[in-house]
Amino acid sequence: MSDDEKAVKIPAQADGPTEQGATLTEDAAPGEVLLKVTGLQKHFPIKKGLLQRQVGAVHAVDGIDFEVRSGETLGVVGESGCGKSTMGRLITRLLEPTAGKIEFQGKDITHLGVSGMRPLRRDVQMIFQDPYSSLNPRHTIGTIVGAPFKLQGVEPEGGIKKEVQRLLSVVGLNPEHYNRYPHEFSGGQRQRIGIARALALNPRLVVADEPVSALDVSIQAQVVNLLDDLQQELGLTYVIIAHDLSVVRHVSDRIAVMYLGKIVELADRDLLYKSPMHPYTKALMSAVPIPDPRRKNAKSERILLKGDVPSPISPPSGCRFHTRCWKATEVCKTTEPPLIELRPGQQVACHHPENFADQAPQDTVLLTVAKEAAELVADEVLAESAETSAALAAEVAETASEPTASTEAEAEADEAAESAEAVEPAEPAKVEVAEPVEPVTPAKAEAAEAAVAEAAEAAGAAESAKAAKGESAESAESAASAEATDAAGSEGQESNGK
Amino acid sequence: MLAYLIRRLFAAAVMLVVIVMVVFGIFFLIPKWAGVDIALSFVGKQADPAAVEGVREKLGLGDPIYAQVWEFFKGIFAGRTYTGGGDSIHCAAPCFGYSFRSEQAVWPTLTDRFPVTLALALGAAVLWLIFGVSAGVLSALKRGSLWDRGAMVIALSGVSLPIYFTGMLALSVFVYGLDLFDGQFVPLEDSFSGWFGGMILPWVTLAFLYAAMYARITRATMLEILGEDYIRTARAKGLKEQTVIGKHAMRSTMTPLLTMLGMDLGALIGGAILTETAFSLPGLGQAVLNAIKNQDLPVILGVTLITSLAVLVANLVVDILYAVIDPRVRLA
Amino acid sequence: MTELSKSGAAVGEPTPASPAPTAFLEVRDLKVHFPTDDGLVKSVDGLSFQLEKGKTLGIVGESGSGKSVTSLGIMGLHTAGQYGKRKAQISGEIWLDGTELLSADPDHVRKLRGREMAMIFQDPLSALHPYYTIGQQIVEAYRIHHDVDKKTAKRRAVEMLDRVGIPQPDKRVDSYPHEFSGGMRQRAMIAMSLVNNPELLIADEPTTALDVTVQAQILDLIRDLQKEFGSAVIVITHDLGVVAELADDILVMYGGRCVERGPADKVFYEPRHPYTWGLLGSMPRLDRDQQERLIPVKGSPPSLINIPSGCAFNPRCPYADLPKDNVTRTVRPELSEVGSRHWAACHLGAEQRERIWTEEIAPKL
């Protein structure tokens, strides 16, 4: 059996099926937007009682935006119940979205019916998780892989059989096995059959839902490599949905992290793994067990999250992660953070991101849940996170013109003003730090340390200020923020600062 | 649990109304649409036109349909009075109709038949549960053994042999051949031993059919449950095998059996026609048979209603028991 | 082919009628075979290892490598759920704290189950009885081995639930498994297995069914509890990350046999079996820079009915042709010492393996 991991040879594409069936649209050039999703929602109604009244809804996918560019691989990670699989079924239109818009190659496909989707099915294919249940046991491999041709009414040159055999050899299976049944194959081979079926019509976009999670480790690697090779040879675009962060990192160019129906972070792979900004992303990555016994006791780096993911039936207000986040403050509870590009190639939805300047610095009082959550997070991690944020703040403070201290502030508000001043300059960071953040240099580290001390003081001050937060304090704060905004020269800041 | 109970009771009440309406529809509306004279069919074949008109008036067939339904419905709970054609007949609650042919209310004629059927069904159920379930469990535990194969062959014959065959066989062997039993039905009031002696063959015959079905279902369910992870967990705790089977596995095996039992008992209470005929038991089934022979429509209607209600009650009881056994049901 | 596999099976080490071992748990030449219509499934085919109290052994392998059957064999549960004439065949010796379990009275072994040795299963939802409350199930586990009334046992159950980090244990004790989340269920399962302070805890894929953040919580809990209870732990998993987190020693299984065994550090840093290399190479790693390409093991795991003759790994091994005389395909390699407390079963020479590892494999990882 030739499922050996030899370099997969892709036979000539010249007589491929594309030549016959006229494709829907022109090929998108690499890097062009192939799929664009805006405000996508899927709510599954919960019905109860005799009359099947709707009593609520599972907010499986609750307003997500992203793009998939031609030729890239977008990885989607998240824990069970985060809506990643639902998302996969929505973009392949196996499910009808509740709201939002899906555009494929510029064409709105959100509400296309079965017949409207038919030409599109050629361009968008799906690979499923379970290689055991996704293949009909009563059909031969030839029938399974050849089915798309029959459904689409495409007659490949040289006949379906020849084309199917070509596909089987593309995915590293023996073409002679055309007449065998799925049960005669191992898990990894069945997944290859599923891939061959998906590739039959030479699709543009392949959505793979947990393509390797049912496979053994050694087989996983074979399939991952196969997907890799096929992408390079055929110029495929992938959306790969998986719960395994190491697999996702290996296969993806960009990665979306989902939590309770929302994308919390969407970033280029390296940025995401080197400097995750959303606390959830950070916790998720730190939770992956490291296959290195020498780091067994490096437990200090691990962020243990408290409790379980809340129910998607009634997701938490504001930022959905605030019930488990160690950095959550009042604003997280009340205001939902938008997904914004804080750094080129890194979009984050967080008020208090890691590895970046705070987005809501005036809000420093931790929620009680956050304090409890922080107890599970090692001091080193907290210190490190404070350091990086403060370093950034300091860096920005150095480069940006110093905002004049709000001396006009009333005497009673002195403390509050001080805190505002210390933290506020971080605000412009969003605009100022346009280039990728450099690692903290020793010189800057010193400044950072000073900044940490300052920030700590400020935090204390802010706490007391908040208690006494009368009109005076408020005015001082707004004055400071107004100035900071001026310095930044951005109107977008204002809404964010308040 | 309480919420579940209330929900189920409410659902049963709704079902009750629906059943009454449907039965009314079958007996009054469909014939009307089909152009059949309902009054004529209620009176019988050789009726003089005056009597037919009287019945038509008594049943209020000229009234609007909702009034007819209401009278019909009211009769079951409060009784009704049939007036028209010069006389007036009162039918006390529960009024399941009035037989104009035999000139008596349907319910009283059924009340002495109902206990016979109930006794037949319940007695047989006890027997088939004891023998069917234990045979099924044993077969599952000794899968592939001689016992298992033997039991399943017997079960297969039990399922496939018709009651009148097994009934006649039992009668000819035990009553006419060995003369062990009397073979005659004796009312319980007259003599317990006579009643018991008369019931034992019908019980066994009826139970044989059902025990066979229950044994097969029990075996299949048990085998499935024994492969469950939580059975392995029970063993891993160090439980004795008897406890593992008797407590952990049995409780799960009971759920599908219970569903079946509800259905079967409900249906049987409406009359085990074949068994009752074979053994000449004066039960509901025999009443239906006679009514059909005599074209006594009110009796058929009455029995139909009673059967439906019996199924309804049996299902209600099963639903409640179900929730007692399986906590997950309480939430649904 | 058939002949070869027969002769291969005969090579198994003879079992000496040796005295009771000094180790807390010692398994000697364990074999568990299941007769089926298609032939004899040799799930475990000659496995030996020792484990001391307070230590953790990680058994790693792919599906069908025999790792789960090993644990069931130790617990005496390999026949569980098997009714009818075709019972599993088990042979060898399992010494637990001076008692040989396979030759012991089954009722005695039953009494050890749950008290001396306990087990955590992969899927806590299916491993807990859906019709009984968490409390009832823990109380039952406690009362089998302790002669106490229900009230005392329930107090103990609440205490255990509290210990494994279930909030409001006095209320949650009356909940049913379906009312718990996946992580909570696994915690309850752990509470149940530890309620009798067992000396040996076997965790069969304890976190495979859980999300990664919950997995981190559970691994943390298992580690803490082991420190507290000082029991011996066997962790069975396919995830090298999980063993690296928990295990002191690692045993790599392939085709029902041990191919490499040694301290965790050695197995990860100086592996001496090509299959272990394969496992390490197939795994994308978060703690390293992005690998260019994974190095998978070719082919698929063997069928346990028809295990390849000679070295079971030979059809998938890139180095199968290096040893002379086709020995990899005819003679089954035995475990041999390759370092202190470190064994591997491979026909390649020790120096050869060291060279391949340091020059060819390690740089690519």
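Predicted model: local features only at pLDDT ≥ 70, side-chain atom pairs only at ≥ 80, totals over all residues.
In chain B, helix α1 (residues 2-33) packs against helix α4 (residues 65-78) at an angle of about 120°, and the axes of the two helices lie 11 Å apart. Because angles from 65 to 115 degrees count as roughly perpendicular and those over 145 as roughly antiparallel, α1(B) and α4(B) are therefore described as oblique to each other. The crossing of α1(B) and α4(B) is right-handed. On the α1(B) side, the contact is made by Val20(B), Met21(B), Phe24(B) and Phe28(B), which meet Gln68(B), Val69(B), Phe72(B), Phe73(B) and Ile76(B) of α4(B). By class, eight of the residues in this contact are nonpolar and one is polar, whereas none is charged.

Helix α3 of chain B, which spans residues 49-59, contains Arg56(B). When neighbours within four places in sequence are left aside, Arg56(B) is in contact with Ala39(B), Leu61(B) and Gly62(B). Between the C-alpha atoms of Arg56(B) and Val318(B), which are 262 residues apart along the chain, the separation is 41 Å.

Turning to the contact between chains, 38 residues of chain A are in contact with 40 residues of chain C. On the side of chain A that touches chain C, the elements giving two or more residues are α6 (217-234), α7 (245-251) and α9 (279-287) of chain A, and the largest share, eight residues, comes from α6(A). The residues on this side of chain A comprise 17 nonpolar, ten polar and eleven charged.

Helix α6(A) itself has 18 residues and reaches 26 Å from its first C-alpha to its last, close to the 26 Å expected at 1.5 Å a residue. The buried residues of α6(A) include the run Val217(A), Ser218(A), Ile219(A), Gln220(A), Ala221(A) and Gln222(A), as well as Val223(A), Val224(A), Asn225(A), Leu226(A), Leu227(A) and Leu230(A). Their cover includes α5 (187-199), β8 (237-242) and α7 of chain A, together with α12 (274-282) of chain C. Following α6(A) is Gly235(A), whose phi is positive, near 60°.

Key:
Residues numbered from 1 in each chain as written. Chains lettered and ligands numbered in written order. Axes fitted to C-alpha atoms, helices over the stretch in contact; angles between N-to-C directions. Helix = DSSP H or I, 4+ residues; strand = E, 2+ residues; numbered from the N terminus. Parallel < 35°, antiparallel > 145°, perpendicular 65-115°, else oblique. Left-handed = near helix turned anticlockwise from the far one by under 90°. Contact = placed C-beta atoms within 7 Å. Nonpolar A, V, L, I, M, F, W, Y, C, P; charged D, E, K, R; others polar. Expected span 1.5 Å × (residues − 1). Buried ≥ 20, exposed ≤ 12 C-beta atoms within 10 Å, placed from the backbone.
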